[in-house]
Amino acid sequence: MDLARFPRFRLCHAPTPLEPMDRLSAMLGGPRLWVKRDDCTGLATGGNKTRKLEFLIGAALAEGADTVLTVGATQSNHVRQTAAAAAKAGLACEVLLERRITDAGVEYDRSGNVLLDGLLGARIHYVPKGTDLNAALDTLAEEIRIRGGRPYAFPAGGSSPVGALGYALVAAEIEAQANDLGLRLASIVHATGSAGTQAGLVAGLAANSNATPVLGIAVGKQRDVMEGLVRDLAAATADLIGVRGGMDDAATLVNAGYYGTAYGVPTPGMIEAVELAARQEGLLLDPVYSGKAMAGLIDLVRKGTWKAGEDVLFLHTGGIAGLFGYRSTFDGDNGGSAA
Ligand SMILES: *Cc1c(COP(=O)(O)O)cnc(C)c1O
């Protein structure tokens, strides 16, 4: 897989560690669970978008842009990592934050990622729930052009074929680490939202003729919709890389059974998963993505999806800053006494 021909701006601490989750595995009593620590990519509290941003910022710089634009929900991890990447690259950053969740409280609106967006120098424009974000991005880009700027827009989640290249590289990284550890992975499980992470992984695995199944746990769309997004973007990414041959259907599977009523709305399973990971492994998950993905993994283990002795990898996609936007969801839940 030759990715050296794509412009790239280095941002990541990589390879990120691949570690066992011994206590959580023992407690659940099924397969051996491992975690790939993409919460530790290093940029302004880390996460999966940093992988994509190496190629997205690379493309923006190659085009001579001076301002990057993107979109997300109020507590978007993608927006926070974009703001940090732009700062490091010396680019201005303007973001559209969609108020997709209202009445979530002052921490949701002001703390966590959104606090960091401002600190990192992003100019924030709020738009109401249901706004046509692509049209709004176009309008903002036009305004910047009229002011004499050179804008470059990243799609939601950084999920273009160029962004997904970051996860094609992660597929190779995981393969090398699994080989070192002598692991035959029965599955890679992770949160899927705008599909770039899973699509990039799938394209990267296909490039190496690696048949490891990938299971995306959806954070807010129906299964057929999400699988369609993953397949289309995986095919476009594979095209960009120049992968010959088809994609493995076992790698584009999505389970949409764990996000509850809507994107970003807490579920009992998410709360249990965040607490178990914290208390068994000292591992922080986030309420919107990795917590719901871990809730899915835990439930699937309890249902006997994998056998004892099999190895399953949880790809931790980050999002830790989002915890601080959800204080009331977790507050005081440790059995201690109130002050
Ligand atoms: C964006 C995000 C995801 C989903 O990744 P996609 O590439 O958008 O599918 C998962 N976890 C976290 C923490 C994220 O911020």
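Modeller: Strand 7 and strand 10 (residues 311-316) are paired in the parallel sense, through four bridges. Within this pair, Ser187 has Val312 of strand 10 as its bridge partner. Two strands pair if DSSP finds at least two bridges between them. Please note that the model is predicted: local features need pLDDT of at least 70 and side-chain atom pairs pLDDT 80 or more, while totals for chains, interfaces and linings use all residues. Residues are numbered from 1 along each chain as its sequence is written, and side-chain values use heavy atoms, without hydrogens and water.

Colleague: In what order do the strands of the open sheet of six strands stand?

Modeller: Strands of a sheet pair through backbone hydrogen bonds, either parallel or antiparallel. Here the six strands follow the order 1-2-10-7-8-9, and the pairing is mixed. Strand 1 (18-20) and strand 9 (253-255) form the edges, each pairing on one side only. From one strand to the next, the twist averages 30 degrees; such angles, from 0 to 180 degrees, are taken between N-to-C directions of axes fitted to C-alpha atoms, for helices over the stretch in contact.

Colleague: Which strands does helix 11 lie across?

Modeller: Contact means heavy atoms within 4.5 Å. Helix 11 (residues 290-302) lies across strand 2 (32-37), strand 7, strand 8 (214-218), strand 9 and strand 10, and runs at about 165 degrees to strand 10.

Colleague: What is the order of the open sheet of four strands?

Modeller: The order is 5-4-3-6, with parallel pairing. Strand 5 (123-128) and strand 6 (151-153) each have a single partner strand, so one side of each is left without a neighbour in the sheet. Neighbouring strands are turned against each other by 25 degrees on average, direction ignored. Helix 3 (residues 77-89) packs on this sheet and touches strand 3 (67-73) and strand 4, its direction making about 165 degrees with that of strand 3.

Colleague: How many bridges join strand 3 to strand 4?

Modeller: Strand 3 and strand 4 run parallel and are joined by seven bridges, with Leu69 opposite Glu94 in strand 4. On its way to strand 5, strand 4 (residues 92-99) makes six bridges, again in parallel; there Leu97 has Tyr126 as its partner.

Colleague: How many residues of strand 4 are buried?

Modeller: A residue is buried under 20% relative accessible area, exposed over 50% and partly exposed in between, with a 1.4 Å probe and protein chains only. Six of the eight residues of strand 4 are buried. In strand 3 lies Thr70, which counts as buried because its relative accessibility is 0%. Its contacts, leaving out residues up to four places away in sequence, include His78, Val79, Glu94 and Leu96. The Thr70 side chain also reaches the backbone oxygen of Phe154 at 2.9 Å; a polar contact is a pair of N or O atoms within 3.5 Å, in which, within protein, one must be able to donate a hydrogen and the other to accept it, and residues adjacent in sequence count only if both atoms are side-chain atoms.

Colleague: Is Ala195 buried or exposed?

Modeller: Ala195 is buried, at a relative accessible area of 2%. This residue sits in the loop between strand 7 and helix 8, and its phi is near 85 degrees, a positive value in a residue other than glycine. Asp103, likewise not a glycine, has a positive phi of about 60 degrees. Asp103 belongs to the loop between strand 4 and helix 4 and is exposed, with a relative accessible area of 79%.

Colleague: Which residues are the closest to the centre of the largest pocket?

Modeller: On a 1 Å grid over the protein atoms alone, a cavity is a set of points where a 1.4 Å probe fits but cannot get out; a pocket is an open set with protein on both sides within 12 Å along at least five of seven lines, and lining residues have an atom within 4 Å of a point. Grid points are joined across faces, edges and corners, and a volume is the space filled by probe spheres set on the points. The largest pocket holds about 680 Å³ of space. Of its 35 lining residues, Ala156, Gly157, Gly193, Ser194 and Lys221 are the closest to the centre. The elements that each supply at least two lining residues include strand 3, helix 3 and strand 7.
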